[in-house]
Amino acid sequence: MMRPWVYTKPPDGDWGWMIVLSLFLESALVFGLIRSFGVFFVEFTKYFEQPASSVSWITSIGVALQQFASPIASALCNKYGARPVVMIGGVLASSGMIVASLAATNLLHLYLSIGLLSGLGWALVFTPTVASVTRYFVKRRTLATGIGFTGIGVSSFAFSPLFQLLVEMYGWRGALLILGGLSLNLVVCGALLRPLVLLDDQVRSSTQSHSQKLYCHSWMSWQRLSELLDLSLLCHKSFLTYVAAITFINTGYFVPYVHLVAHGRLTGLSEYEAAFVMSATAVTDLFGRVASGWFSDLHKFRLVHILAFLNGLTGISLLLIPLGTSFISLLALGLIYGFFSGALTPVVFSLLPEIVGLGRIFSALGLFQMIESIGGLLGAPLSGWLRDITGSFTASFMVAGGLHLAGSFMLSFLPQFCSFGNPNSQRPELRELSNGSRPLNDSSQLDFPTQEHSTVEVEQSST
């Protein structure tokens, strides 16, 4: 059996679009579900007779674990590949919802089932799929990522009224049971992930093999763990600066998706009016993701400048949400927020390969999500706590907007942020590989055959 073909660059299409389809469906079944969970927030508050800050921990634990456990997903992908990892994650995500519907009698049970079990499943699903999309595309990477993430907008538009209807028909337990069944479709999404071997992978693998020989008699366990997680990224200044900025953004990002429905109810909106505002926000979120992907891939501006601009506008729109005291005004502000918050997301993930290189994207995305989970963990409870002590969500949205603006400011500390040169010079295929070597043009320098085409082929021959 011959070794698999090694691609000198991502194929920018072909089976990559099936990976985008997988990301679309997974985004809907993970973050679309999380964003629409505000319907259950009201039900849990009434049923368990607990304050908003305590109920907010359910989604915060799930979001935080989805991000904090991402290095585990990355290490498993480096060892076994993305496909089996995502399929196992789908089973775990579904199990958490089913257990919550059948056995939860207090908030602790929801913390453990939805927060921990489903959160771990979401981690195994999301990180490998996003990394797979970034590996399949270069020129159209932001557009492909944006299209994949539109699943969040489509599902948020449909899920908020759907969840409200399910709760009214079957109660929150029956609704969660149905969500558990829907989440099983994540297993099918994982089956779509076809492995792709890139030139950068082989260069990095060769470096790691040499490192193992040097350290074979000492610290082998730590060395192996460090290689699986690529902990050397923690010494990467640009990577750490970027992660710090996104952590600030992440702290405020999920606040509207947890508390916008509750805020609408406080201002006098009916249940369905508040749910409709959330759904309408999801529609502009969808258009924002596609629009930013298309515009970014024109390469007129650098991705870091686009991200800082979009995130700044997201922060400003959050500051204005408390001014929405009627259905029309809150709907208008929600539409504006939805567009800019959706637009910044694909840029966040497309910029990461430019910082660390494609060969390290699985590990980098895992560590990236783990560190930013601090923001996901604290954001909603902080917002709920501010609501409990002030009696409204005004302070919550003001703080969330301020955190977004702080994140845009921190992006300015990235190297060459003030440079306005040719954006194409930042494209990954023109940069050095992540371990410092230049891309190899002569395939004879490799132990593997190389080709330019877009699918990985394994030839078999009789020996």
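Residues 24 or more positions apart account for 86% of the contacts in the protein chain with a separation of 6 or more, where contact means heavy atoms within 4.5 Å. Keep that figure in mind as you look around. This is a predicted model, in which local features need pLDDT of at least 70 and side-chain atom pairs count only at pLDDT 80 or more, while totals for chains, interfaces and linings use all residues. Residues are numbered from 1 along each chain as its sequence is written, and side-chain values use heavy atoms, with hydrogens and water left out.

The protein chain holds 17 helices and two strands. Both kinds of element are DSSP runs numbered from the N terminus, helices being H or I with at least four residues and strands E with at least two. Of the 463 residues in the protein chain, 58% are buried. Here buried means under 20% relative accessible area, exposed means over 50%, and partly exposed lies in between, using a 1.4 Å probe and protein chains only.

Helix 11 is largely enclosed by the rest of the structure, because 13 of its 17 residues are buried.

What surrounds this helix? Ile249 is found in helix 11 and, at 3% relative accessibility, counts as buried. Setting aside residues up to four places away in sequence, Ile249 touches Asn311, Leu403, His404 and Gly407. With Leu403 the separation is 154 residues in sequence, yet 5.9 Å in space from C-alpha to C-alpha. Ser238 is also found in helix 11, and its 19% relative accessibility makes it count as buried. Beyond its neighbours within four places in sequence, Ser238 is in contact with Ile355, Leu414 and Pro415.

Now look at the helices that pack against helix 11. Two packed helices are described by the angle between their axes and the distance between the axes. The axes are lines fitted to C-alpha atoms, for helices over the stretch in contact, and the angles run from 0 to 180 degrees between N-to-C directions. Helix 16, residues 361-390, has an axis that comes within 8 Å of the axis of helix 11, and the two cross at roughly 30°. Helix 11 and helix 16 are therefore roughly parallel to each other. Angles under 35 degrees count as roughly parallel, over 145 as roughly antiparallel, 65 to 115 as roughly perpendicular and the rest as oblique. This crossing of helix 11 and helix 16 is right-handed: a crossing is right-handed if the near helix is turned clockwise from the far one by less than a right angle, and left-handed if anticlockwise. On the helix 11 side, the contact includes Phe239, Tyr242 and Ile246, while on the helix 16 side the residues include Leu367, Phe368 and Glu372. The residues of this contact between helix 11 and helix 16 divide into nine nonpolar, six polar and one charged. In this grouping, Ala, Val, Leu, Ile, Met, Phe, Trp, Tyr, Cys and Pro count as nonpolar, Asp, Glu, Lys and Arg as charged, and the others, Gly among them, as polar.

Helix 15, residues 327-356, packs with helix 11 at an angle of about 160°, the axes being 12 Å apart. Helix 11 and helix 15 are therefore roughly antiparallel to each other, and their crossing is left-handed. Ser238, Phe239, Tyr242, Ile246 and Tyr253 in helix 11 meet residues of helix 15 that include Tyr337, Leu344 and Ile355. The contact of helix 11 with helix 15 has twelve nonpolar residues, three polar and no charged.

Gly312 is found in helix 14, residues 303-320, and counts as buried at 12% relative accessibility. Apart from neighbours within four places in sequence, Gly312 is in contact with Leu405 and Ser408.

Finally, visit two loops. Glu49 lies in the loop between helix 2 (38-48) and helix 3 (52-68), and at 69% relative accessibility it counts as exposed. Its phi is near 55°, a positive value in a residue other than glycine. His299 lies in the loop between helix 13 (271-296) and helix 14. Phi of His299 is near 60°, again a positive value in a residue other than glycine, and at 22% relative accessibility His299 counts as partly exposed.
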